[in-house]
Amino acid sequence: MARLPLEDVKILDFMWVMAGPAGTRMLADYGAVIVRIESPTRIDTARTLSPYQNNQIGPDASGLFSNCNAGKFGLTLDIGNPRSREIIRDLVKWADVVTESFSPKAMRAWGLDYQALRKIKPDIIMLSSCLMGQTGPLASFAGFGNLAAAISGFHNLTGWPDRAPAGPFGAYTDYVSPRFTAIAILAALEYRRRTGKGQYIDQSQAEASLHFLTPALLDYSANGRAQIRAGNSDRELAPHGIYPSRGEDQWVAIVCRTDDDFGALCDLMKRPEVARDPRFRTLSDRHKNASALDEIIASWSRELEPREAERLAQARGIAAHAVQNSAEFYTDAQVGHRGHFVELPHPVYGKTTVEGPRAKLSRTPGQARRAAPTLGQDNQYVLEKILGYSEQQIGDIAGSGVLG
Amino acid sequence: MLSPYRVLDLTNERGLLCGQILGDLGADVIKVEPPGGSPARKLGPFFQDQPDPNRSLYWWSYNRNKRSITLEISRREGREILLRLAKDAHFLIESDSPGQFASLGLGYADLAAINPALIGVSITPFGQDGPKASYADSDLVILAAGGPLVLTGDDDRAPVRVSVPQGYLHAATDAAVAALAAHHERCFSGLGQHIDVSAQQSLALATQSGILAAPLDADQYRRAAGGVKSGAMTAQLLWPAKDGWISCTFLFGTALGVFTVKLMRYLAEHGWCDEATGHKDWIGFGAALASGAEPMSEYHRACGILSSFTSSHTKAELLRFAIEKGFLFAPVSTIADVIESPQLRARDYFREVEHPELGRSFRYPGPFVKFSESPIQYRRRPPLVGEHNREVYVDQLGMSEPEMQELQQRGII
């Protein structure tokens, strides 16, 4: 097997739910060895979230949990139990990086804050990720990424101007911030490689995610303009929309990027007179009369299945795509070609499916190497192979109840 | 953190954020633009609404900590200059259609032939290969293809996107992760490689793993603005406040139900509902609704109680409840709320970046994380078109002044 790019990187991962684990999952794909600590009593919320394998509910059925934790080793540990200290200390000595996503103060309360960890290992890199950051009046504001998305402005910018904000789907900052988590860890490893120094990284998921709203923030700072949700209209392009297609909840995205695109679309719709219509001649005309134009396009698209509309439009160089749900994405020829989904053996379900790495490296490609651990699945492996404990030590530990 | 490394950034609007992240981390990022400036400079909004390549706020958003040179790489001499620059670069990022750079003799294989340690990054809508690799694209198109769009918006209308384009940002951040992973490996092997990022695949992450419904044989998520549908229930997530909206996670079950228990007890104690309602089994309530043991009207009644409470308070008051009582409330912030946020102020988040040619500074979102040893610095405001031509061509590549001027006259630079 080819060498994986992060094979030498060892991470002790106390993160849970979605944002944190999705970040370290990316590093696991590229070869990092990750030991994930789970509480044996307080189950990771992610294990209770859908989609569920075969629609069954159970601690190992969550597709979300399995997608965020594939490739990691799982160790159950009752951190409140003093007996866990020694194991954690040995894992910190083993690790290059320690990550956690509790609300601030939790690690300090357990005596596991950065100052404590660097006494165990002076060049340790520690990353804390929480909704609003470790300091400030909202430091203890806890919850899920939908709350961070609301408080960061994403909700108010998503939806129809004549209605209440729709907000992006689900826990939006939990999709944005994991990338920055992985970036920060890799940058800190590079810095340590050159200087020998570890460090502490304070990640506010809200602050990281605000980089996806920079144009709106600058519009306010530079022009005093507070942008608000605008449906699917675009400041640069028209037509620009989601149009109904044949079937229930079937839609196609169609965007004309140039006047030529618009001419080609009118041609495709067999409506050449629309291209000559003074209401639609220039981009600004089309913006002004967008709803009339959208109705014309909808009357064409409604007769077609979304993939057919996509195919016809793309054949003429017009940006278009069927609006895909999971079933349609799963059977999308492009998705299949790219090998997006990966089937893995699973101790409970026989097999399961996760998403593979999203970036392809030509020489050392990443891979989802094993299904996410079931609760406590790797206790023996971690204690024996990673920490090198003797059989007797492991027996004592198991007997103490610290593993749950 | 990346100060020893040089990045050539040839991206258009699809990939700008990737280079900026490396620049924020300290790399020397040279933005290579066609003469006249990158097409991304034509994207608004513009400072004072004056369209000008140096006033595009979209450009400003994703080109901090970069230098700019202009170069016509589609002409032979331009190509040769780029190859000279690539010889001692560590990363090269591009986001043109697949095959475009190769057709100019600048594909990854051409570049690796002169610099085998180079990490080449390509950010495209659908990836380098496959039946849709050459599809025409836009933000809306990749959102549709990648899965999040169908889940977003009101269920009685068409799906809707975030009004600030998001699609390529997901791809550009994935690209930055992969580039740094490849760099880590290069420190051992001395070898570069090519990285191929598909925005369609990057966007699947924005479905909260809902994209796995089909392969797992599970229920599909559906859009329901302000709520998530599950069986017969549409869980309301957005609630009215006195001065706007708040988001509240009002759900049941072992993990989320505990917050609802706390909230409903509080509402009963303070007279917003009767004791029996306050002490209902909120953990098991979802299952009871699913089995029919509780009628759906009971859920709607509970939502009504919560609404009357939230609409009697301001967003700020409700946020205080969240912090003091641990309720899952968050205000739906306006852009002004974000800029004025006491939390962001307390953390000194925003950065005033001086634009001397405009005689003022602008407030930029601050570092994406706080590093204790090597904090991110905003060393350079986004560059003007070709601002660093002399610095790069004369001081760095050793071109003579007349040589550079001649190339300028001929439209190569």
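**View 1. A:Pro51 sits in the loop between β2 (33–38) and α2 (63–69) of chain A.** Helices here are DSSP runs of H or I with at least four residues, strands are runs of E with at least two, and both are numbered from the N terminus. The bond to look for joins A:Ser50 and A:Pro51: a cis peptide, with omega at about 0°. Chain B has a cis bond to show as well, between B:Gly44 and B:Pro45, again with omega about 0°. B:Pro45 belongs to the loop between β2 (28–33) and α2 (57–61) of chain B.

A word on the model and its labels: this is a predicted model, where local features need pLDDT of at least 70 and side-chain atom pairs count only at pLDDT 80 or more, while totals for chains, interfaces and linings use all residues. Residues are numbered from 1 along each chain as its sequence is written, and chains are lettered from A and ligands numbered from 1 in the order in which they are written.

**View 2. Helix α7 (residues 173–195) of chain A packs against helix α7 (residues 167–189) of chain B.** The angle is about 25° and the axes are 9 Å apart (axes are lines fitted to C-alpha atoms, for helices over the stretch in contact, and angles run from 0 to 180 degrees between N-to-C directions). The crossing of α7(A) past α7(B) is left-handed, meaning that the near helix is turned anticlockwise from the far one by less than a right angle; clockwise would be right-handed. Residues meeting here include A:Phe180, A:Ile183 and A:Leu186 from α7(A), and B:Val177, B:Leu180 and B:Cys187 from α7(B); contact means C-beta atoms, placed from the backbone, within 7 Å. The residues of this contact split into 11 nonpolar, 3 polar and 4 charged (nonpolar: Ala, Val, Leu, Ile, Met, Phe, Trp, Tyr, Cys and Pro; charged: Asp, Glu, Lys and Arg; polar: the others, Gly among them).

**View 3. An open antiparallel sheet of 3 strands in chain A runs in the order β7-β8-β9.** β7 (240–244) and β9 (319–322) of chain A are the edge strands, each with a single partner, so one side of each has no neighbour in the sheet. The twist averages 20° from one strand to the next. β7(A) pairs with β8 (residues 251–255) of chain A over 5 bridges, in the antiparallel sense; pairing takes at least two DSSP bridges between two strands. A:Gly241 is opposite A:Ile254 in β8(A). Helix α13 (residues 290–301) of chain A lies across β7 and β8 of chain A, at about 40° to β7(A). Chain B joins in too: its helix α6 (residues 139–146) packs on the sheet, touching β7, β8 and β9 of chain A, and makes about 20° with the direction of β9(A).

**View 4. A:Lys270 and B:Ser209 each have a positive phi without being glycine.** For A:Lys270, phi is near 55°, and the residue is in the loop between α10 (259–268) and α11 (272–276) of chain A. A:Lys270 counts as exposed because it has 8 C-beta neighbours inside 10 Å. B:Ser209 has phi of about 65° and lies in the loop between α8 (199–203) and α9 (213–216) of chain B. B:Ser209 is buried, with 29 other C-beta atoms within 10 Å (buried means 20 or more other C-beta atoms within 10 Å, exposed 12 or fewer, partly exposed in between, with C-beta atoms placed from the backbone).

Note on methods:
Contact = placed C-beta atoms within 7 Å.
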